[in-house]
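Subject: Structure for your files

Hello,

Here is the structure I said I would pass on. My notes on what was found follow below.

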There are 2 protein chains.
Amino acid sequence: MLCIRERYSITVKIVIDAMGGDNAPHEIIKGAIESLSMKGFDMVLVGDEGLIKEELALYPDYDSSRVSILHASEVISNDESPVFALRRKKDSSTVKGISLVKGDLDSAFISAGSTGATLAGGLFIAGRLPGIDRPSLAVAIPAAKGGHFLLIDNGANVDCSVENLVQFAQMGSIYTECVFGTQSPKVGLVNNGAEAHKGCKLTKEAYEELQKLESINFTGNVEPRYLFSGQVDVAVCDGFVGNSILKCSEGLGMMIFSELKGTLRTGGILTKIGALLVKKKLYTLKSMFNYEEYGGAPFLGVNANIIKIHGSSKSSSVYHAVKQAQRMIENRIVEKISDKLTQNVQQTNN
Amino acid sequence: MLCIRERYSITVKIVIDAMGGDNAPHEIIKGAIESLSMKGFDMVLVGDEGLIKEELALYPDYDSSRVSILHASEVISNDESPVFALRRKKDSSTVKGISLVKGDLDSAFISAGSTGATLAGGLFIAGRLPGIDRPSLAVAIPAAKGGHFLLIDNGANVDCSVENLVQFAQMGSIYTECVFGTQSPKVGLVNNGAEAHKGCKLTKEAYEELQKLESINFTGNVEPRYLFSGQVDVAVCDGFVGNSILKCSEGLGMMIFSELKGTLRTGGILTKIGALLVKKKLYTLKSMFNYEEYGGAPFLGVNANIIKIHGSSKSSSVYHAVKQAQRMIENRIVEKISDKLTQNVQQTNN
């Protein structure tokens with residue numbers, strides 16, 4: 001079946017920051033080339049033309065008609081002040097890449113580079129959508145039985161208002177419905193107790209407002225403990241708490257698998273034989289906790305499709321992010337968020 | 001070697017809420033009796049005398065000269081408003097138990113009952129220590145290689161000021177040094193980045209103040225990811241974030257072990273043989289994540305030794321909490337916190 005873009009011969013354009021991340025440009029371009037096995041889009045690689053060409057030479061058989069290069073002589077590093085770097089480095093892959101996708105909703109920008117610069121670029125170059133006070137970084141986190149939940153915000157906004165959380169809930173719901181195909185996603189407010197009266201000042205007030213929203217399926221408070229058993233599809237919180245949950249689960253997951261390895265290695269001969277026999281299954285389980293298979297973190301609420309992938313991303317993260325970018329474009333995420341949130345503004349004004 | 005209490009024949013008194021928690025009174029009293037294998041204290045069981053006597057009858061050989069019963073006809077449940085219940089149920093095990101240990105620093109109260117009521121009891125019956133604005137609930141969480149870190153606050157104070165965090169840091173440092181014997185414990189501020197300028201309004205300001213404190217070994221910001229690798233001994237945060245980290249790690253830990261079991265169970269015959277061979281090692285690893293072995297959560301900053309154990313506590317949690325209570329008494333935690341924090345008040349006044 002042809003997708004809408006193909007039916008109307010609209011060219012979907014995936015723009016990839018070839019210079020961002022610890023493994024750039026090699027792994028990024030490797031992933032970009034691997035993703036060409038998927039159809040329906042052209043690709044722009046942004047970065048140092050010489051370096052990109054050197055990398056591309058490693059893949060003599062790729063379909064060069066689908067790939068173009070946008071030269072950018074500068075790179076913004078993690079150590080730089082994002083806003084300052086954005087102003088100063090006009091010829092960076094971040095600035096040129098985001099400028100290319102700004103307002104063009106048939107395109108998407110993917111970067112493993114500085115998170116701060118990507119967010120600042122989204123905000124100042126692409127711009128906020130009407131009705132959005134604070135664009136938000138969301139991320140899908142693995143849960144039991146192969147499931148996952150969308151955590152929003154996961155670090156873009158560390159100090160939040162009630163209105164911010166309400167907007168995160170709406171954006172998270174739209175994204176989950178469109179990109180993961182979940183009908184009427186269950187939206188929970190991350191809180192330190194399930195009861196309505198529980199929480200800090202912010203969550204108590206946000207609970208009241210979320211309850212009034214008819215456009216989402218708000219299921220009340222969710223304790224972080226139950227996030228991993230799949231109690232909700234979307235978990236709403238401020239970026240400080242979201243970042244704590246994300247980092248805590250990454251850290252604990254790594255620690256458990258490392259201890260598991262150590263425990264099995266130090267056992268007797270029978271344990272070692274047993275460990276060899278279960279090895280494959282353990283790897284399957286470990287890959288379940290590979291967040292990157294769920295794609296990168298979409299930056300929602302700006303006038304562009306922007307996906308931030310992990311700084312340590314390898315080619316497979318790029319591949320999955322390209323898949324995710326296609327779904328975001330195909331499902332018109334930006335338009336849907338814009339329509340829904342503009343309605344809110346109009347209702348408030350009437 | 002005799003401990004100080006024994007040398008001077010001071011009777012240490014461990015007061016246990018026999019009615020609190022999902023498995024009370026059976027598991028609570030079982031744990032209390034098991035803990036009598038340790039020397040150096042007498043025990044008071046608070047609760048329904050008839051029920052307690054029935055349970056005690058199951059252990060015909062216990063040293064009854066060390067155990068007395070304080071009858072309490074009421075129990076405060078989790079569903080009640082803590083402060084209201086505390087006022088109304090004067091004959092509850094919580095009210096009578098805390099009243100018994102108030103100001104008597106050779107005693108400690110242990111409860112698996114309502115957290116809210118235990119905290120409110122600590123606050124309103126035992127009372128705050130001078131120099132403490134908000135008493136705080138701390139908890140030790142397992143980290144890599146058999147280590148652990150003390151998370152403070154883990155839910156008693158969901159909205160915090162900079163002063164609160166500074167006091168948590170001091171109390172956490174004293175507790176870790178005295179109870180775990182860690183020399184000059186590394187105190188970190190939980191934050192969404194390691195750099196000094198990172199964080200939300202609260203953590204940015206708290207960083208400045210913590211840096212000035214000479215009485216603790218402040219090592220800067222710590223990202224939740226590195227808590228589990230043992231980067232710090234004490235992790236300071238507001239109770240909302242602390243509770244999120246605690247619940248998140250409990251939930252993720254449970255989920256990983258359950259998935260591991262499922263993965264090994266659904267494998268082929270070789271995986272099943274392997275699973276049998278590594279089973280014992282996996283249980284060892286799982287028990288490493290048994291938070292209860294680290295004792296319960298001490299409520300620091302009140303004029304009494306109070307330990308809250310999990311609502312689902314079994315006998316072993318009670319045993320470990322009794323051990324922890326002895327260490328708290330022996331090491332004069334309450335006096336040390338009082339002395340240190342009073343100094344702060346005096347310095348501020350001069």
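How much area is buried between chain B and chain A, and what share of it do carbon and sulfur atoms give? The buried area is about 4,500 Å², and carbon and sulfur atoms account for 76% of it. Please keep in mind that this is a predicted model. The size of an interface is often quoted as the accessible area lost when the parts come together.

Confidence

The model has an ipTM of 0.88 and a pTM of 0.90. For chain A the average pLDDT is 91, and 93% of the residues score at least 70. Where pLDDT is low, the predicted coordinates should not be read in detail.

The interface

On the chain B side 53 residues are in contact with chain A, where 53 residues take part. The rule finds four salt bridges across the interface of chain B and chain A. One of them joins K247(B) to E223(A), with 2.6 Å between the closest N and O atoms.

Which helices of chain B each supply at least two residues of the side that touches chain A? They are helix 8 (201–212), helix 9 (224–227), helix 10 (239–265) and helix 11 (269–288). Helix 10 of chain B gives the most, with 20 residues. By residue type, the side of chain B that touches chain A divides into 28 nonpolar, 16 polar and nine charged residues.

Symmetry

Two copies of a chain are related by a rotation about an axis and a shift along it. Here chain B is superposed on chain A by a rotation of 180° with 0.0 Å of shift along the axis, at an RMSD of 0.1 Å. That is the relation of a two-fold axis. In chain B, the C-alpha nearest the axis belongs to G274(B) and is 1.8 Å from it. Both copies use the same surface, in that 100% of the contact residues of chain B recur in chain A.

Backbone points to check

Most residues other than glycine have a negative phi, and most peptide bonds are trans.

- The peptide bond from A24(A) to P25(A) is cis, with omega near -5°. P25(A) sits in the loop between strand 1 (13–17) and helix 2 (26–35) of chain A.
- The peptide bond from I152(A) to D153(A) is also cis, with omega near 5°. D153(A) is in the loop between strand 6 (148–152) and helix 7 (162–179) of chain A.
- K145(B), a residue other than glycine, has a positive phi, near 55°. The loop that holds K145(B) runs between strand 5 (136–142) and strand 6 (148–152) of chain B.

Regards

Notes
Residues are numbered from 1 along each chain as its sequence is written. Chains are lettered from A and ligands numbered from 1 in the order in which they are written. This is a predicted model: local features need pLDDT of at least 70, side-chain atom pairs count only at pLDDT 80 or more; totals for chains, interfaces and linings use all residues. Side-chain values use heavy atoms; hydrogens and water are left out. Contact means heavy atoms within 4.5 Å. Buried area is the accessible area (1.4 Å probe) that two parts lose on being put together, summed over both. A salt bridge is a side-chain nitrogen of Lys or Arg within 4 Å of a carboxyl oxygen of Asp or Glu. Helices (H or I, at least four residues) and strands (E, at least two) are DSSP runs, numbered from the N terminus. Ala, Val, Leu, Ile, Met, Phe, Trp, Tyr, Cys and Pro count as nonpolar, Asp, Glu, Lys and Arg as charged, and the others, Gly among them, as polar. Copies are superposed by least squares on the C-alpha atoms of residues with pLDDT of at least 70 in both. pLDDT is the predictor's confidence in each residue, from 0 to 100.
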